Amino acid sequence: MPALIFDCDGVLADTERAGHLPAFNRTFAELGVPVQWSDDEYRELVRIGGGKERMRSLLTPEFVAANGYPTDEEGQAALLKEWHAHKTAAYTALVDAGELPARPGIPRLVAEAYVAGWQLAVASTSAEPSVRAVLVHAVGDDLARHFTVLAGDIVPRKKPAPDIYLLALERLRRTTADAVVVEDSGGGLAAALAAGLRTVVTVSAYTADDDFTGAALVVPDLDHGPGGPVTVATLARLLKEDA
């Protein structure tokens, strides 16, 4: 049977504005980093794949010198590891508190796909503990157990590189002819397309202005497709149409 591969942030839940941004800013405040990202600033930062990579963008020579941070690569890597671990804990606490409900249609489509025998996976550049926390809260413990989770630094290059989706195909033992991706951003779509995968885009809070050229289907959410909810039958048709 085919595979259904979800991105996490912006797809399983609208996590960026309600989860990642406040978790980053809480981390900066608690660790004494003199930064608070605004909503507009973070809208641009989400184009950078990976939380550590977004934090790394702060470490300009001027910022490092002004705040006495390490100048060597090893020292900066250790600093980013500390920041990111703190941020992951802050983010997971928000998820556990129920602050990030599933996006419309996610529990329904996952349940339909499982009953129909589809393989289920999440492919994300976010930290694995964060991804698993969102997944469990979005679809429940029982269905979450049936997912293959690929996340974080599991591949050398993050989206928009295709690495995470190529790994997903390898792990699931699927080909591009029998797998569908659900993404929410232009960068995520680019990664999926570069891996040769048909992609449904569910536009999220920060991605309305992204370029979705090449997507098989673009919808506001999975409950509101052009002919009604996006279903397993919808996905099967997309695979057949592009075969």
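This is a predicted model: local features need pLDDT of at least 70, side-chain atom pairs count only at pLDDT 80 or more; totals for chains, interfaces and linings use all residues.
# A walk through the sheet and its helices

Residues are numbered from 1 along each chain as its sequence is written, and side-chain values use heavy atoms, with hydrogens and water left out.

**The sheet**

Select Ile 5 now, and you will find Ala 121 of E2 standing opposite. Strands of a sheet pair through backbone hydrogen bonds, either parallel or antiparallel. In this tour, two strands are said to pair if DSSP finds at least two bridges between them.

Is E2 enclosed or open? Four of the five residues of strand E2 (residues 119-123) are buried, so E2 is largely enclosed by the rest of the structure; here buried means under 20% relative accessible area, exposed means over 50%, and partly exposed lies in between, computed with a 1.4 Å probe on protein chains only.

Now select the whole sheet, which is open and has six strands in the order E3-E2-E1-E4-E5-E6, with parallel pairing. Its edge strands are E3 and E6, each of which pairs on one side only, and the twist averages 20 degrees from one strand to the next. Further along, E4 and E5 pair in the parallel sense over four bridges, and the bridge partner of Glu 183 in E5 is Val 201.

**A buried threonine**

Stay in strand E5 (residues 198-202) and select Thr 202, which lies in this strand and is buried, with a relative accessible area of 2%. Leaving aside residues up to four places away in sequence, the residues that Thr 202 touches include Gly 10, Arg 103, Glu 183, Asp 184 and Asp 221, where contact means heavy atoms within 4.5 Å.

**Helix H11**

Next, select helix H11, which lies across E1, E4, E5 and E6 and runs at about 140 degrees to E5; such angles run from 0 to 180 degrees between N-to-C directions, and the axes are lines fitted to C-alpha atoms, for helices over the stretch in contact. Which residues of helix H11 (residues 232-241) are buried? They are Val 232, Thr 234, Leu 235, Leu 238 and Leu 239, and they cover an arc of only 160 degrees around the axis, which puts them on the same side of H11. That arc is the one spanned by the directions from the helix axis to the C-beta atoms.

An α-helix has 3.6 residues a turn, so residues three or four places apart point the same way. Turn to the other side of H11, and you will see Lys 240 and Glu 241, which are exposed. Arg 237 also has its place in H11, and this residue is partly exposed, with a relative accessible area of 47%.

Now select helix H6 (106-115), which is among the elements covering the buried residues of H11. The buried residues of H6 itself are Ile 106, Leu 109, Val 110 and Ala 113, and they cover an arc of only 100 degrees around the axis, which puts them on the same side of H6. Their cover includes E1, E2, H7, helix H8 (141-144), E3 and H11. After H6 comes Gly 117, whose phi is positive, near 90 degrees.

For the last stop, select helix H7 (residues 128-139) together with helix H5 (residues 73-96), which pack at an angle of about 5 degrees with their axes 9 Å apart. H5 and H7 are therefore roughly parallel to each other, since angles under 35 degrees count as roughly parallel, over 145 as roughly antiparallel, 65 to 115 as roughly perpendicular and the rest as oblique. Show the side chains where they meet, including Thr 88, Tyr 91 and Val 95 in H5, and Pro 129, Ala 133 and His 137 in H7.

Technical notes:
Helices (H or I, at least four residues) and strands (E, at least two) are DSSP runs, numbered from the N terminus.
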